[in-house]
Amino acid sequence: MGSGLTRIAACHASPVFLSALGTTAKALSLIQEAAKNKANLVVFPESYIPAFPIWSALRAPTENHELFKRMVEESIYVDGDEVNAIRAAAKQFKVLVSLGFSEKVRYSSATLFNSNVLIGTNGEILVHHRKLMPTFYEKLTWAPGDGHGLQVADTPFGKIGVLICGENTNPLALYTMTAQGEQIHISSWPAIWPTRIPQGVVLPTQSDEVVNGNSNSSGGRAKASSSSVARGANYDNVAANRTRAAAHCFEAKCFGVLCAGVLGDDAIEAVTAGSRSPEIVSKALQQSSRGATMFLDTTGTLLPGFTIDPETSAEEQKDLLQKEEGILYVDVNLEDCIEGKQYHDLAGGYQRLDVFELKVNRRRREPALFE
């Protein structure tokens, strides 16, 4: 790795489901491994500690009281022992760490936020972000955040910004990052995000059905020409996540880090247990499209990464990680962010600041202001 490169390590990993202690220990181990392999930036998935509340997608709210209670109990404070342990590791190994977690607050016994912290090499919290708006069934677990964390951190390894999952669909949030000179954009994602429950058959996704413009389905032209919504297709995590991230990389001329979680057997067992339809829930968990961890270059093109064998230190090129856990690495040269700005510098020479004006409220929201 040359002196002008930034090495990014994206941890494609499952949590120890609904265990803050166990998942923190796993995160510390992954940070140590990535640091040993000379990573400068270590990235974790959405709500890595203690888990992503996938049960809200597949079970009725009236079935989920106990799971919600466990989620509250295992969610963590931003100034609590778990985050402090991650901060200490970042300082010890002199790496940046981006950590997704479910955050609880001391002014409520049950209010949670879908949060992310970017931690500096001295262990300081550079950015503490709460997801602006929980998406779809996530509203059953998390409260809306605020604009306080819409910040890009200027670090020795690049100007880094983070948005969580569906926020990467929000053009105003994305432009806010672009307007701060972002060079590395982190987007964090869950292991699965089902929008339908399969009923008897595995519903094909876009990536299953179409290869090089040709339909692989046996349903003929009528089925192939209808939209994925009309076909009743489930959410295609790989296509949906990459589409959004690639658009931002192209527009901002930044590198993209897509870091998705992995669905562990412990999660499948816990979410299935106590359900009124355990077979349907289990099938939906196992058959839903898996998220992928990957990198994109400053044109939005897939940037192949590599894994490092912990035993031999041998490197193996990988386009992405999806079904199996691991750490995906890439080396990026921040000078590659320059050329594309000649064509479209959306926060600079290619913007009409006399026509458009964006105002961002970064005030941290509190339930009451006491004077």
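Me: Gly-147, buried or exposed?
Reply: Gly-147 counts as buried, at 9% relative accessibility. Buried means under 20% relative accessible area, exposed is over 50%, and partly exposed is in between (1.4 Å probe, protein chains only). This is a predicted model, where local features need pLDDT of at least 70, side-chain atom pairs count only at pLDDT 80 or more, and totals for chains, interfaces and linings use all residues. Residues are numbered from 1 along each chain as its sequence is written, and side-chain values use heavy atoms, with hydrogens and water left out.

Me: Ok, where is Gly-147 found?
Reply: Look in the loop between β5 and β6 (153–155). Helices (H or I, at least four residues) and strands (E, at least two) are DSSP runs, numbered from the N terminus.

Me: And which residues is it in contact with, leaving aside neighbours within four places in sequence?
Reply: Gly-147 is in contact with Leu-132, Asn-361 and Arg-362, where contact means heavy atoms within 4.5 Å. Leu-132 is 15 residues away in sequence, yet the two C-alpha atoms are 7.0 Å apart in space.

Me: Switching to β5. Where is Arg-130 found?
Reply: Arg-130 is in strand β5 (residues 125–130). Arg-130 is buried too, with a relative accessible area of 7%.

Me: What does Arg-130 touch?
Reply: Not counting residues up to four places away in sequence, its list includes Glu-103, Phe-113, Asp-146, Glu-167, Arg-364 and Arg-365.

Me: Now helices. At what angle do α1 and α4 pack?
Reply: About 10°, with the axes of α1 (residues 20–36) and α4 (residues 81–93) 10 Å apart. So α1 is roughly parallel to α4. The axes are lines fitted to C-alpha atoms, for helices over the stretch in contact, and angles run from 0 to 180 degrees between N-to-C directions. Under 35 degrees counts as roughly parallel, over 145 as roughly antiparallel, 65 to 115 as roughly perpendicular, and the rest as oblique.

Me: Which residues make that contact?
Reply: On α1, they include Ala-20, Thr-24, Leu-28 and Ile-31. On α4, Ala-85, Ile-86 and Phe-93 are among them.

Me: How about α10 and α11, roughly what angle do they cross at?
Reply: Roughly 150°, and the axes of α10 (residues 265–272) and α11 (residues 278–287) come within 9 Å. That makes α10 roughly antiparallel to α11. Ile-268, Val-271 and Thr-272 of α10 meet Pro-278, Val-281, Ser-282, Leu-285 and Gln-286 of α11.

Me: What do the buried residues of α10 pack against?
Reply: They pack against α2 (55–58), α3 (65–74) and α11. The buried residues are Ala-267, Ile-268, Ala-270, Val-271 and Thr-272. Just after α10, Gly-274 takes a positive phi of about 85°.

Me: What about α5, which residues are buried there?
Reply: Helix α5 (residues 171–178) has Ala-173, Leu-174, Thr-176, Met-177 and Thr-178 buried. Their cover includes β7 (158–164), β8 (184–189) and α9 (237–252).

Me: Where do Ser-47 and Pro-50 lie?
Reply: Ser-47 is in the loop between β2 and α2, and Pro-50 lies in the loop between β2 (41–43) and α2. Ser-47 is buried at 1% relative accessibility.

Me: And the place of Lys-253?
Reply: Lys-253 is in the loop between α9 and β11 (255–260). Lys-253 also counts as buried, at 4%.
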